Amino acid sequence: MKLDRYDRQILSELQCDGRISNQDLADRIGLSPSPCLRRVRALEEAGFITEYRAVLDARRLGLDLMVILSISMDRHTPERFEHFDAAVRAMPEVLECLLITGRDADYQLKVVVRDMDAYQDFLLNKITRLEGVTGVHSSFVLRRVLERTSLPVI
């Protein structure tokens with residue numbers, strides 16, 4: 001599917017407000033409601049729009065500590081990575097997990113927890129117990145300078 005300017009505008013608007021009504025979306029991009037809705041459905045079916053969600057405030061939920069973990073593995077085999085990936089997917093504290101190159105670490109995780117005690121429990125009872133984990137380096141986030149969920153639609 002090739003994106004035209006209307007499709008790009010739809011994607012951009014929906015990233016800013018996923019709850020916008022079809023009528024308001026159509027008004028903003030300059031289409032009538034029926035073709036606008038057809039385009040949104042086509043973008044969903046083509047996989048450009050993968051899901052809709054609410055963005056929550058971690059601090060209001062009592063999740064005050066964000067940590068970036070760099071994790072080293074003992075072996076670089078598909079089985080080892082699959083096992084680690086599956087285990088991390090099951091941990092609600094993990095917001096993001098990236099398999100990386102160019103550093104001593106193999107993975108980088110973004111984790112959010114209540115406090116230092118909760119982090120210690122997470123680290124000692126979950127992460128370091130995973131088969132293949134040989135090293136963990138923790139960096140504590142002091143302040144979020146920028147946090148984006150929207151992608152540049154070019």
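C16 counts as exposed, at 66% relative accessibility, in what is a predicted model. A search of the whole structure finds 0 disulfides, and C16 accordingly takes part in none, the nearest cysteine sulfur being that of C36, 15 Å away.

| Residue | Relative accessibility | Class |
|---|---|---|
| C16 | 66% | exposed |
| C97 | 32% | partly exposed |
| D115 | 29% | partly exposed |

The largest nonpolar core holds 22 residues, of which L69, I71, F84, L109 and I127 touch the most other members. Two or more residues of this core come from each of β1 (65-73), α4 (78-89), β3 and α5. Apart from this core lies another, of 14 residues, which includes Y6, I29, V40 and L43.

When neighbours within four places in sequence are left aside, F84 is in contact with I71, M73, C97, Y107, L109, L130 and V133. Among these partners, I71 and L109 are, like F84, listed with the members of the largest core that touch the most others, while C97 is partly exposed at 32% relative accessibility.

A polar atom of the D115 side chain lies 2.9 Å from the backbone nitrogen of A118. D115 is partly exposed, because its relative accessible area of 29% falls between the limits of 20% and 50%.

Methods. Residues numbered from 1 in each chain as written. Predicted model: local features only at pLDDT ≥ 70, side-chain atom pairs only at ≥ 80, totals over all residues. Heavy atoms only, no water. Buried < 20%, exposed > 50% of the residue type's maximum accessible area, 1.4 Å probe, protein only. Polar contact = N/O pair within 3.5 Å; in protein donor to acceptor, adjacent residues only side chain to side chain. Disulfide = S-S within 2.5 Å. Core = buried A, V, L, I, M, F, W, Y, C linked by side-chain atoms within 4.5 Å. Helix = DSSP H or I, 4+ residues; strand = E, 2+ residues; numbered from the N terminus. Contact = heavy atoms within 4.5 Å.
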